[in-house]
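Student: I have a new model open and would like to learn how to read it. Can you take me through it feature by feature?

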Amino acid sequence: MSFEKSHTYEALNRIGRGAYGTVYKAKDKKTGNDVALKRVCVPLSEDGIPMNTLREISLLRQLNTHDHPNIVRLLDVCHGQQMERELIMYLVFEHVEQDLSTYIERHSKGFSGVQIRSLSREILNGVDFLHSNRIVHRDLKPQNLLVTHDGHIKLADFGLAKTYDFEMKLTSVVVTLWYRAPEVLLGLTYATPVDIWSIGCIIVELYSLKPLFCGESDGDQLSKIFRVLGKPPESEWPEENISIKWNSFNVNSQISIDRICPNICETAYDLIMSMLTFNPKRRITALEALNHRFFLEEPINT
Amino acid sequence: MPGWYYDKKELRHSPSAQDGIDYKTEMRYRKEGARLIINTGSKMDLGYNTMATGVVYYHRFYMFHSFKQFPRYVTACCCLFLAGKVEETPKKCKDIIKTAKSLLTDQKFTTFGEDPKEEVMTLERILLQTIKFDLQVEHPYQYLLKYAKCLKGDKQKLQKMVQMAWTFVNDSLCTTLALQWEPEIIAVALMYLAGKLSKFEVVDWMGRNTKHCRWWDMFVEDVTMDLLEDICHQVLDLYSQSDAPIHPDSPPLHSNAKQQMPSLRPSNGQEKTLSPDRPPSVNAKGPPLSDVPQFPYQTFTGAPPPAAAYASVFPSSMAGPPGGPPPHLSGPPPHIAAPPPAVFSYVNHPPPFSTVVPPGAPPYFPANAPPPGQPPQHRPYYPPQ
């Protein structure tokens, strides 16, 4: 790989390869700090660089000026090699050593109630910030929730949804379905509530230390969801034209959340259930969730 | 991430300067490029924000590249093209080039090469990289409107003042002010200038507290009078600059703009702080009165500055606050795209820069002012070409 245009960064190694492109760990030669270089490939249209990309990148830069504690810092934007019909650019982010998925692995004995509360609050804080800036993350999962060495959450991998669409089509990397909201799985229009669904799944994972719904296809993912939460009544099934029919699901042997995570407290259960609400319009918002009893009560170690 | 503000020394050591282009020429290139962006954008009905954003990209670009390496009109088109997309008012690259071509001489258009569109499109990537994808730019316009809403005083004069300040903001795009100061400060300075010229007196302002000496203390910190005057001068200097090669018909130029503004700063080199309670003394070394032109300000197009000229220099989309002045200033909001060009009171009162006179004091610097109501002697109008 070449970095002719970014002399100031020395690539060290590849740290990730997702559907959204490749991420490298690199060293900023000027400061000596580690950074994460994210390679993004943008197709050039008839009229140059697409508006979506311009809009998303400038929004990312705008967000950065707020210095939100739960958002990963964008340090720089560079250009890669010049291509005929594509623009290669590198987004330079602060490097955070671990993500929530490795953090969970390292805590095989589980988290205390206080830890879960604090991690959940920080995730919601970051997401509320994105939502108030009209950004839907779309792909919240433990892999792109970074955890700093002192245990704080920083959201990564947001804000380029439309830019990424192009790259998604090109890669065969499977995108995880596990944190997807029902409306996404059903192919409906969606908005900020999809992120709340993902957070609901992640909070359960903080209690149980394993993913809540591990589906292998859209349909399988939905039936795994219904197995835990129950199938919504037919009246709740979306009226829009969708290929997946209500009566194509047979739910038997239901298992409830409190059986999956017996250590859950009552207020956490209530919050999680209001996040895992089938109807996105009735799902709790990030701001409402932050004011939920779960975050207001006295910390109790469980 | 880079900062986008430079001091004057840095501006004089630009890549173009290091490439052997003298400062005056560089300032002319900057002005000409900015003007092409504004004229092309106006002709295509783009909004003032889009044009201003394009101009700021343009100025930033040439803090990293030389005018020798990148011809100014190609860059200007590219900046407008990119600004159109960023400000959600996209225009086709080929249409921008076509419009620009109609505004340029054939000889100037030769810098676009054999395939003008390819030339501009290739530059887009270099431009983006140069400005580091920092695409959101704020302009003084919004602050101007915000500040005006807080000022209390004669409503009609306030309206005139806003209109005039708006014009100064338009014109400031042709200077490097956007590379020197935040839009808030530019807005304050040009409102201060317009306030003096239109004799608008700030009686009081909303949100005033005991710590505020000036209305702008509420919005910006540590702004000295020297700074404000420096900003005003940079804009006023535009009106005394030569555009002879483009406008051979321009009226004769004035040799020393500073001398025409004795009330702002005397030409003896001493910087004096102008404050309302202590008007500076009249510069005795100024030119004989007969040499002081009646209308010392020329717009940079070569047309004299009175209202009519301003309006045509910057067509309607740039000419005034959107939808007229802030609603509360004018009663029922007028449903016109841009307010009619104001007839600035200073047209009849040269020298144009009058200081705030303490109540009851004789008008300051009266020697040059004709009796009120007397029409100016010579006021030719040259439509911009």
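**Reading the interface and the strands**

Tutor: Start with charge pairs. This is a predicted model, and across the interface of chain A and chain B the rule finds 5 salt bridges.

Student: Which residue of chain A forms a salt bridge with B:Asp134?

Tutor: A:Arg61 does. The closest N and O atoms of the two are 3.5 Å apart.

Student: How many residue pairs are in polar contact between chain A and chain B?

Tutor: The count is 9 residue pairs, with both residues at pLDDT 80 or more.

Student: Which elements give two or more residues to the side of chain A that touches chain B?

Tutor: They are α1 (51–64), β4 (74–82) and β5 (86–94) of chain A. The largest share comes from α1(A), with 8 residues. By class, this side of chain A has 11 nonpolar, 7 polar and 8 charged residues.

Student: How is the size of an interface given?

Tutor: Often as the accessible area lost when the parts come together. Between chain A and chain B, the buried area is about 2,100 Å². Carbon and sulfur atoms give 56% of that area. In terms of contacts, 26 residues of chain A meet 20 residues of chain B.

Student: Now chain A itself. How many helices and strands does it have?

Tutor: Chain A has 11 helices and 8 strands. Of its 302 residues, 53% count as buried. Take the contacts in chain A between residues at least 6 apart in sequence: 65% of them join residues at least 24 apart.

Student: Why is β5(A) largely enclosed by the rest of the structure?

Tutor: Because 8 of the 9 residues of β5(A) are buried.

Student: How do strands of a sheet pair?

Tutor: Through backbone hydrogen bonds, either parallel or antiparallel. Here, β3 (residues 34–43) of chain A and β5(A) run antiparallel, joined by 9 bridges. One residue pair to find is A:Pro43 with its bridge partner in β5(A), A:Glu86.

Student: What is the strand order in the open sheet of 3 strands?

Tutor: The order is β6-β7-β8 in chain A, with antiparallel pairing. The edge strands are β6 (98–99) and β8 (153–155), and each pairs on one side only.

Student: How many bridges join β6(A) to β7(A)?

Tutor: There are 2 bridges between β6(A) and β7 (residues 145–147) of chain A. To locate the pairing on screen, find A:Asp99, which stands opposite A:Leu146 in β7(A).

Notes:
Residues are numbered from 1 along each chain as its sequence is written. Chains are lettered from A and ligands numbered from 1 in the order in which they are written. This is a predicted model: local features need pLDDT of at least 70, side-chain atom pairs count only at pLDDT 80 or more; totals for chains, interfaces and linings use all residues. Side-chain values use heavy atoms; hydrogens and water are left out. Contact means heavy atoms within 4.5 Å. Buried area is the accessible area (1.4 Å probe) that two parts lose on being put together, summed over both. A salt bridge is a side-chain nitrogen of Lys or Arg within 4 Å of a carboxyl oxygen of Asp or Glu. A polar contact is a pair of N or O atoms within 3.5 Å; within protein, one must be able to donate a hydrogen and the other to accept it, and residues adjacent in sequence count only if both atoms are side-chain atoms. Helices (H or I, at least four residues) and strands (E, at least two) are DSSP runs, numbered from the N terminus. Ala, Val, Leu, Ile, Met, Phe, Trp, Tyr, Cys and Pro count as nonpolar, Asp, Glu, Lys and Arg as charged, and the others, Gly among them, as polar. Buried means under 20% relative accessible area, exposed over 50%, partly exposed in between (1.4 Å probe, protein chains only). Two strands pair if DSSP finds at least two bridges between them.
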